[in-house]
Amino acid sequence: LVVVLAVSLRELTIHDNRKWFGEADVRLDALVVHGHGAVGEPDSFYTPQTFRFSRVGDEDPLPIGESGLLFFYGRPLYFLDLFVTASRSRDDSDDLSSYLAQGMGDPSLKDAFGDLAGLVAAPQVAAVTAALKAATRIGEFAYQVLRRVTGSTVGLFHTSWLEHRDGFGLGRHPEQGAFRVKDLSFAYEITVEKE
């Protein structure tokens, strides 16, 4: 049974916006890599989102509303791999989806998508293990691109949840409070939307 899951960020706070004085524009990039995709459509295996916030000061909570910031809504299979990066936003920078699309010719991404496509052909333990490693390579590629185009990363977070062992990590993480990664604090929640 393939379920539809939603992943939302909550309680986002930037502790240091990497600007000497005053407020700065901040971008938040979230990437979810999952095993539910189609061979020949590499972008069906991942969901990138870019959110921009203007005039963010140190210790400012980001305006994401009571329901949080939805960054994934879909049908994962075998695993969910989550990446969250906060950095200074520049006017000339593109969304993460554009950078990943432009990087499709990169050999490391081609290999990673080949491993993800292997899940469709033969969903065995070795294929899932290779796909998880591929997800990490895609996240690392995204991080390196963002670091190059923004020049100043506020925080980076990465975690993985397996379908059977972890139940896709359903629930709020952490249960109370927030994670602190460098100068970014946040919590996230994974919920079942449809079965």
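Apart from its neighbours within four places in sequence, threonine 13 is in contact (heavy atoms within 4.5 Å) with Glu59, Asp60, Pro61, Asp183, Leu184 and Ser185. This threonine belongs to strand β1, residues 4–14, where strands (E, at least two residues) and helices (H or I, at least four) are DSSP runs numbered from the N terminus. Threonine 13 counts as buried because its relative accessibility is 15%, the class being set at under 20% relative accessible area, with exposed over 50% and partly exposed in between (1.4 Å probe, protein chains only). The model is a predicted one, in which local features need pLDDT of at least 70 and side-chain atom pairs count only at pLDDT 80 or more, whereas totals for chains, interfaces and linings use all residues. Residues are numbered from 1 along each chain as its sequence is written, and side-chain values use heavy atoms, with hydrogens and water left out.

Four strands form an open sheet in the order β3-β2-β6-β7, with antiparallel pairing, two strands being paired if DSSP finds at least two bridges between them. The edge strands, each pairing on one side only, are β3 (46–56) and β7 (153–162), and the twist from one strand to the next averages 10°. Strand β2 (residues 24–34) is joined to the antiparallel strand β6 (residues 79–88) by nine bridges, and aspartate 29 stands opposite threonine 85 in β6. Across β2, β6 and β7 lies helix α3 (residues 125–150), running at about 10° to β6; axes are lines fitted to C-alpha atoms, for helices over the stretch in contact, and angles run from 0 to 180 degrees between N-to-C directions.

A search of the whole structure finds one cavity of 30 Å³ or more, a cavity being a set of points on a 1 Å grid over the protein atoms alone where a 1.4 Å probe fits but cannot get out, with lining residues having an atom within 4 Å of a point. The largest cavity holds about 50 Å³ of space, the volume being that filled by probe spheres set on grid points joined across faces, edges and corners. Its lining includes Asp29, Thr85, Tyr143 and Leu156, and the elements giving two or more residues to this lining are β2, β6 and α3. Helix α3 gives the most, with four residues.

Glycine 151 is placed in the loop between α3 and β7 and is exposed, with a relative accessible area of 60%. The C-alpha atoms of glycine 151 and serine 87, 64 residues apart along the chain, are separated by 8.0 Å.

Key
1 Å grid on protein atoms, 1.4 Å probe; cavity = no way out; pocket = protein on both sides within 12 Å on 5 of 7 lines; lining within 4 Å.
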